[in-house]
Amino acid sequence: MTRPPGTPRTSNAVRLGPRSLLTLALVSAVGVVAFGWPFLAPPDSQVGSHTQDAPWLFAGLLVLLVAVVAASIAESGLGPKAVAMLGVLAATGAALRPIGAGTAGIEPMFFLMVLSGRVLGPGFGFVLGNVTMFASALLTGGVGPWMPFQMLAMGWFTMGAGLLPVPARTGRRTEVRVLAAYGFLAAFAYGTAMNMAGWPFMGALASNIAFDPHAGVPANLARFVAYCLATSLGWDLGRALVTVVLTLTLGPALLRGLRRATRRAAFEAQVTFEAPGR
């Protein structure tokens with residue numbers, strides 16, 4: 001069957017088996033709890049007495065869980081070619097991240113994650129997001145309790161691009177616009193998730209927008225919204241706009257380049273070896 005001209009092509013550099021999918025689902029469920037525990041624990045629970053400890057405990061847990069899911073995905077089919085592609089893209093993303101360090105929202109690595117996840121599939125995207133954030137943390141000295149949360153959030157961010165539906169006759173221009181819209185929304189989602197990870201570190205007496213372990217969910221939700229508006233709205237908006245602009249301008253060329261590389265790498269082709277003399 002001939003592919004219509006301009007039809008987008010997505011390659012699964014890593015095929016997710018049942019075991020990998022189950023592991024990923026479990027780790028994601030734990031991750032949701034790790035990010036959202038301030039809204040899940042009732043005000044009269046003992047969690048309030050461990051407000052400063054919980055983020056550290058979840059950070060340590062996420063390190064182990066992310067390592068488990070990455071190993072599970074790699075075991076399911078991360079071959080030498082995919083590893084080489086992973087190394088190149090992760091190194092590029094890690095090098096792009098410091099470019100906008102200290103500047104409101106200028107983070108060009110996000111558009112690369114969106115396009116890579118789109119072309120190479122959700123499994124590869126999840127591993128790429130994790131490895132890129134880990135490498136960039138080592139490069140920039142940003143190692144801390146927030147790093148595991150960044151790794152998991154970026155893994156979701158990149159995996160989501162690979163999970164976008166692929167209509168049979170979607171043209172390249174429409175595909176780029178969809179990716180730009182996804183990047184815009186996901187950039188805000190990433191910022192909101194990271195706000196949830198850091199918000200409990202604020203003391204309840206430090207500000208009226210800090211997490212209060214003795215308050216109910218509606219009160220804390222109002223505090224969290226105020227916290228996001230006051231501390232990160234400008235940064236998240238800048239990240240989203242930069243992602244959109246880079247996706248619309250550089251996206252078509254980069255998508256072609258990535259797809260050309262995946263065709264030459266032939267990730268899905270089976271490699272066989274014949275005995276000598278045949």
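Visitor: Which residues make the nonpolar surface patch of about 430 Å²?

Guide: In this predicted model, the patch is made by V217, L221, V225, L229 and L233. Helix α8, which covers residues 217-231, gives the largest share of the patch, with four residues.

Visitor: What pattern does the protein follow when read along the sequence?

Guide: The pattern is α-α-α-α-α-α-α-α-α, and the protein has nine helices and zero strands. Of the 278 residues in the protein, 47% are buried, while the accessible surface comes to about 13700 Å², with 68% of that surface belonging to carbon and sulfur atoms.

Visitor: What share of the contacts between residues at least 6 apart in sequence join residues at least 24 apart?

Guide: That share is 81% in this protein. L89 is a residue whose contacts can be followed one by one: leaving out residues up to four places away in sequence, L89 touches L112, M113, S116, L120, F124, L128, T132 and L258.

Visitor: Which residues have the most contacts inside the largest nonpolar core?

Guide: A nonpolar core is a set of buried nonpolar residues joined through side-chain atoms within 4.5 Å. The largest one here has 45 residues, and those with the most contacts inside it are F35, L89, F124, M154, F157 and Y190. The elements that give two or more residues to this core are α1 (18-40), α3, α4, α5 (122-140), α6 (147-163), α7 and α9. There is also a second, separate core of nine residues, which includes W37, W199, F211 and C228.

Visitor: How many aromatic pairs does the structure hold?

Guide: The structure holds ten aromatic pairs. To read one of them, look at the distance between the ring centres and at the angle between the planes, since planes over 60 degrees apart count as edge-to-face. The rings of F110 and Y190 have centres 5.1 Å apart and planes at 75°, so this pair is edge-to-face. Because F110 lies in helix α4 (residues 109-120) and Y190 in helix α7 (residues 172-198), the pair ties together parts that are 80 residues apart in sequence. F110 and Y190 are both buried.

Visitor: Which residues form one aromatic cluster together with F224?

Guide: F224 forms the cluster with F39, W199 and F211. F224 lies in helix α8, and it counts as buried because its relative accessibility is 6%. Between F224 and W199 there are 7.6 Å in space, C-alpha to C-alpha, although the two are 25 residues apart in sequence. If neighbours within four places in sequence are left aside, F224 is in contact with F39, T192, N195, M196 and W199.

Visitor: How many salt bridges does the count come to?

Guide: The general idea is that side chains of opposite charge can pair when their charged atoms come close. In this structure the count comes to four salt bridges. One of them joins E107 and R239, with the closest N and O atoms 2.8 Å apart. E107 lies in the loop between α3 (80-96) and α4, whereas R239 lies in helix α9 (residues 233-265), so the pair ties together parts that are 132 residues apart in sequence. Both E107 and R239 are buried.

Visitor: Which residue forms a salt bridge with R259?

Guide: The partner of R259 is E175, and the closest N and O atoms of the pair are 2.5 Å apart. R259 and E175 are both buried.

Visitor: Where does the salt bridge between R239 and D236 lie, and how are these two residues separated?

Guide: R239 and D236 form a salt bridge whose closest N and O atoms are 2.8 Å apart. Because they are three residues apart in helix α9, about one helical turn separates them. R239 is buried, with a relative accessible area of 4%, and D236 is buried as well, with a relative accessible area of 5%. Through salt bridges that share partners, E107, D236 and R239 are joined into one network.

Definitions and conventions. Residues numbered from 1 in each chain as written. Predicted model: local features only at pLDDT ≥ 70, side-chain atom pairs only at ≥ 80, totals over all residues. Heavy atoms only, no water. Buried < 20%, exposed > 50% of the residue type's maximum accessible area, 1.4 Å probe, protein only. Contact = heavy atoms within 4.5 Å. Areas by Shrake-Rupley, 256 points an atom, 1.4 Å probe, with all protein chains shown as cover. Patch = residues over 30% accessible without salt bridge, like charges linked within 9 Å, V, L, I, M, F, W, Y side chains within 5 Å. Salt bridge = Lys/Arg side-chain N within 4 Å of Asp/Glu carboxyl O. Phe/Tyr/Trp six-rings, centres within 6.5 Å; stacked < 30°, edge-to-face > 60°.
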